[in-house]
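Hi everyone, thanks for coming. Let me put the sequence and the structure up on the screen, and then we can walk through it together.

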Amino acid sequence: MAYRRNHLLLWAAVLLAALAGAATAARSSSSCAAGQAIPRRPLPGCRWYAASRTCGAVPKLPREAMKEMCCRQLEAIPAECRCKALRVMMEETAPPASAGLRGRVCWHAQAEFAPAVVTEAECGVTTIHGRPFCDALSAES
């Protein structure tokens, strides 16, 4: 009888732990939605910085000032949401189907550069990966 009761208590504890873990995971992934931990139009400074680094866009500010602005904007976003914020930033600036070849090539160059913004050579900010690293933005969820 005591064995059966202990066994039941153990299973109940395991089930509660699993449910708590699932709830935490769901909460943290949904908090990285645009309009929550990620601003609705995220990282405008990073958008301009990436364009100046990859497409020859003429910045309104010196490149170092743009980099500092980008890094401050990234630091304001929780570490677990930074890679996703960069992906959302690039999705919002995707060229329309009618864009010319130069516009599409420039956008792809920015999308390839964007994950590098978190690295030590750029902003050096920690991400969901526990270090200054983002996968290719197509792999970030």
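Let's begin with a question: is glutamate 92 buried, partly exposed or exposed? Glutamate 92 is partly exposed, with a relative accessible area of 33%; buried means under 20%, exposed over 50%, and partly exposed lies in between, using a 1.4 Å probe and protein chains only.

Before going on, some housekeeping. This is a predicted model, where local features need pLDDT of at least 70 and side-chain atom pairs count only at pLDDT 80 or more, while totals for chains, interfaces and linings use all residues. Residues are numbered from 1 along each chain as its sequence is written, and side-chain values use heavy atoms, with hydrogens and water left out.

How confident is the predictor? The protein chain averages a pLDDT of 82, on a per-residue confidence scale from 0 to 100. Helices here are DSSP runs of H or I, at least four residues, numbered from the N terminus. Over residues 12–29 pLDDT stays under 50, and the model has zero contacts there beyond four places in sequence; contact means heavy atoms within 4.5 Å. Where pLDDT is low, the predicted coordinates should not be read in detail.

Back to glutamate 92. Its side chain meets that of arginine 41 in a salt bridge at 3.7 Å, N to O; the term means a side-chain nitrogen of Lys or Arg within 4 Å of a carboxyl oxygen of Asp or Glu. Arginine 41 sits in the loop between α1 and α2 and glutamate 92 in helix α4, 51 residues apart. Arginine 41 is exposed, at 56% relative accessible area.

Another pair is lysine 67 and glutamate 122, with N and O atoms 3.9 Å apart at the closest. Lysine 67 is in helix α3 and glutamate 122 in the segment after α5, so this bridge ties together parts 55 residues apart in sequence. Both of these residues are buried.

Now compare arginine 82, in helix α4 (residues 82–92). Arginine 82 is buried but has no salt bridge, and the nearest side chain of opposite charge, glutamate 75, is 6.8 Å away. What does its side chain reach at 2.9 Å? The answer is the backbone oxygen of isoleucine 77. Arginine 82 is also in contact with Leu74, Val125 and Thr126, among others.

Methods: pLDDT = per-residue confidence, 0-100. Helix = DSSP H or I, 4+ residues; strand = E, 2+ residues; numbered from the N terminus. Lys, Arg positive; Asp, Glu negative; His and termini not counted. Polar contact = N/O pair within 3.5 Å; in protein donor to acceptor, adjacent residues only side chain to side chain.
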